[in-house]
Amino acid sequence: MKEILLITGKDCHLCSEARFLISNIQNKDYKFKEVDIYSKRDYVDKYWDKIPVILNKDYDLLWPFNSEDIKDFLIRDIEEI
């Protein structure tokens, strides 16, 4: 199972929406791990004004996104393998 990061922040209502979208996607190949933006300085520097962010390897999906965008993001990962 491949781990995909969901970068969030405390009291972030958009992050709650992102969690909801992710929870509705059925995919056995991926596990979403939520990470606070302040857990890593690089996240703060790059994404402080863009959360929620879905991150995998060297590419990211910035808010706003919807379920289809997330699915396309996951498909992109499969195509690059």
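View 1. A nonpolar core is a set of buried Ala, Val, Leu, Ile, Met, Phe, Trp, Tyr and Cys residues joined through side-chain atoms within 4.5 Å. Buried here means under 20% relative accessible area, exposed means over 50%, and partly exposed is in between (1.4 Å probe, protein chains only). Keep in mind that this is a predicted model: local features need pLDDT of at least 70, side-chain atom pairs count only at pLDDT 80 or more, and totals for chains, interfaces and linings use all residues. Residues are numbered from 1 along each chain as its sequence is written, and side-chain values use heavy atoms, with hydrogens and water left out. Now, which members of the largest core touch the most other members? Out of 14 residues, they are Ile-4, Ile-54, Leu-61, Phe-65, Ile-70, Phe-73 and Leu-74.

**View 2. An aromatic pair, Trp-63 and Phe-65.** Rings of Phe, Tyr and Trp (its six-membered ring) pair if their centres lie within 6.5 Å; planes under 30 degrees apart count as stacked, over 60 as edge-to-face and the rest as tilted. A search of the whole structure turns up two such pairs. In this one, the ring centres of Trp-63 and Phe-65 are 4.9 Å apart and the planes sit at 75°, so the pair is edge-to-face. Phe-65 is buried, at 5% relative accessible area.

View 3. Cys-15, Ala-18, Leu-21 and Ile-22 are the buried residues of H1. Looking down the axis, they fall within an arc of 115°, so they line one face of the helix; that arc is taken from the directions from the helix axis to the C-beta atoms. Turned away from the buried side are the exposed residues His-13 and Phe-20.

View 4. Two strands pair if DSSP finds at least two bridges between them. Strand E3 (residues 53–56) and E4 run antiparallel and are joined by four bridges, with Val-53 partnered by Leu-62 of E4. Two residues lie between the strands, and Lys-57 in the turn has a positive phi of about 55°. In a regular strand the side chains alternate between the two faces of the sheet. In E4, Tyr-59 and Leu-61 are on the covered face, while Asp-60 and Leu-62 are on the uncovered one.

**View 5. Salt bridges.** A salt bridge is a side-chain nitrogen of Lys or Arg within 4 Å of a carboxyl oxygen of Asp or Glu. The structure has four. One of them links Glu-34 to Arg-19, with the closest N and O atoms 2.8 Å apart. Glu-34 is in strand E2 (residues 30–36) and Arg-19 in helix H1 (residues 13–23), so this pair ties together parts 15 residues apart in sequence. Arg-41 and Asp-45 form another, at 3.0 Å; both lie in helix H2 (residues 41–47), four residues apart, about one turn of the helix. Arg-41 is exposed, at 61%, whereas Asp-45 is partly exposed, at 46%.
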